[in-house]
Amino acid sequence: MLTKLRVRDLALVAEAEVSLGPGLNLLTGETGSGKSLIVDALALSLGARASVEQVRFGTKSAVVEAVFDVSGLPVVAAAAAQLGFEGVGELTLRREVGGRGSARVNGRQAAPGQLRELGRLLVGVHGQHEHQALLDEQAQTLALDAHAGALELRARVAVGHAEWVAARRRLEDLERLRARGLREQDHLRFQLEELRGAALRAGEDEELAAERGAARHAVRLGELSAEALESLRADDGAAAAAGRIRQAAGLDPRLESLAGRLEGLSDELADAAGELRHYAETIDSDPARLEALESRLAQLDAIKRKYGGSIDAAIDERDQLALQLEQVDDLDSAVAAAEGEVGAARKALEDVAAELTAVRTAAAAGLAAAVQAELQGLLLAGATFEISLRGLDDITSDGAQAAEMLFCANPGEPLLPLARVASGGELSRVMLAIKSAGAESDRLPVLVFDEVDAGIGGEAALQVGLRLKALGRRRQVLVVTHLAQVACFADHHLLVEKSAGAEGRNLVSVRELRTASDRATELARMMSGGVTEKALARAHELLDAAV
């Protein structure tokens, strides 16, 4: 259950804390007062897309925070724990827009995607125009699958479809390769032989480039090395000094340490002379060796230009070509094996799609009957509602058929697709009827309706209110409404008000109407635009009837 919603510096809301309770929570207020801002704030806390334009003018960032009691929701608590957000029966989703743009769950850093993942388990938000989604065939099919409890089966179909498509793609690749014929294979073999003939070794180009640099200056390097070595041989000062100091140390022990240091220096110079001698002996001034180096480096440069720009890339290309041609060598058997994989994947897909079809067929009539019954109570007594399953040309990731909702508002008229015949008010009631009929299968603990009563009034509005009240007995429901006939059913009535702030700018605030008098005043305003004795009397009648 959503217990609190805190909002700071979002659009016209400077600061507000909305407390919600179980059952039906109603948000009312004058047109343009900012009722939908509260729904927007909740959506942001659930990971909805954010924009810096939502930040209140003159401030750096907006913050929204939704607090949920999940003590009775083990699935949600387990999902939060799996994501690394543990809490003791409470889940706090926090979002900052602008500024650092951070997201937090129970005080720990989170990603908006993690907010969305948790939000999908907590809240279903139905916006002002969401009933238009009912006009979409995919949405209608999804609604049927949710009612049928077939979402897991639907996911299995999607996995099976993806595996079949991948197997078919592998087969097509092999068939294309075979269709290219021997000419293409010969070209691949030529490239492989060229790379193999180059006898590539990682890092060889760098080693040879260093050797070439030395070979180009071999004469001068030899001269310098010989001169340095001669100097070391002629200058035996360190060894002589070490010997003399060692003799002196026999007379004065304080010189023992110095004698050891000079002996070490003498040994180091001897090592350096040996290393220099070895270097001088390895210097190769042979023009033939330099020519061989230049030739090999030119070959390696040509290979690098042709196969990826580096020795490592050329080696990778060589290995890939070898693997590809290994497959080509037995292409017929590879194609046959791929055909078998496609057939097996298709059979598995058809089997699971048939399961989904059976579940949908069984559930379609039941959902249609339940929606039909709800529509009667929503003053669409003459309306007819059915769900038709239309077979698709081929199995898709959604299954082998699509659900199409058919509607007729008046007796004697033909059933036609909902998108072609339903008015705005009728669509609102159909959506509410579907939600009411599927309330038991819908496991979301919180349902939000933003002006689901658009386009209706009078007795139809009262019936919508009754349905929302009934939903509130099974779920926590938050409704934005402009109809007194709906608002009178509230378990918790929240009034959204817009007023001039200290800076002369309009600000939005939210307060709960706790007394019958305050609620009647608001219902009277909603019905007549003003608070008259007649409107107040009608408001009290509505409140008394809604108890």
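The expected span of a helix is taken as 1.5 Å times one less than its number of residues. The legends below describe close-up views of a predicted model.

**View 1. Helix α4 and its buried residues.** Helix α4 covers residues 137-148, 12 residues in all. From its first C-alpha to its last, α4 reaches 17 Å, close to the expected 16 Å. Four residues of α4 are buried: Q140, T141, L144 and D145. Viewed down the axis of α4, these buried residues fall within an arc of 135 degrees, so they line one face of the helix. An α-helix has 3.6 residues a turn, so residues three or four places apart point the same way. G149 follows α4 and has a positive phi, near 70 degrees.

**View 2. S102 in the loop between β5 and β6.** S102 is located in the loop that runs between β5 (90-98) and β6 (103-105). With a relative accessible area of 8%, S102 is buried, because buried means under 20%. Apart from neighbours within four places in sequence, the contacts of S102 are R94, R95, E96 and Q109.

**View 3. The salt bridge between E194 and K306.** The closest N and O atoms of E194 and K306 are 3.0 Å apart in this salt bridge. E194 belongs to helix α5 (residues 151-197) and K306 to helix α10 (residues 287-306), so the pair ties together parts that are 112 residues apart in sequence. E194 counts as partly exposed at 27% relative accessibility, and K306 also counts as partly exposed, at 46%.

**View 4. The salt bridge between K304 and D205.** K304 pairs with D205 in a salt bridge whose closest N and O atoms are 3.0 Å apart. The pair links distant parts of the chain, with K304 in helix α10 and D205 in helix α6 (residues 204-216), 99 residues apart. Both K304 and D205 are buried.

**View 5. The salt bridge between D394 and R346.** The side chains of D394 and R346 form a salt bridge with an N to O distance of 2.8 Å. D394 lies in strand β9 (residues 384-396) and R346 in helix α12 (residues 331-377), so this bridge ties together parts that are 48 residues apart in sequence. D394 is partly exposed, with a relative accessible area of 33%. Elsewhere, salt bridges that share partners join K4, R6, E17, E65 and R94 into one network.

**View 6. The protein chain as context.** The protein chain contains 18 helices and 15 strands. Of its 547 residues, 42% count as buried. The whole structure holds 28 salt bridges.

Note on methods: Residues are numbered from 1 along each chain as its sequence is written. This is a predicted model: local features need pLDDT of at least 70, side-chain atom pairs count only at pLDDT 80 or more; totals for chains, interfaces and linings use all residues. Side-chain values use heavy atoms; hydrogens and water are left out. Helices (H or I, at least four residues) and strands (E, at least two) are DSSP runs, numbered from the N terminus. Buried means under 20% relative accessible area, exposed over 50%, partly exposed in between (1.4 Å probe, protein chains only). The arc is that of the directions from the helix axis to the C-beta atoms. Contact means heavy atoms within 4.5 Å. A salt bridge is a side-chain nitrogen of Lys or Arg within 4 Å of a carboxyl oxygen of Asp or Glu.
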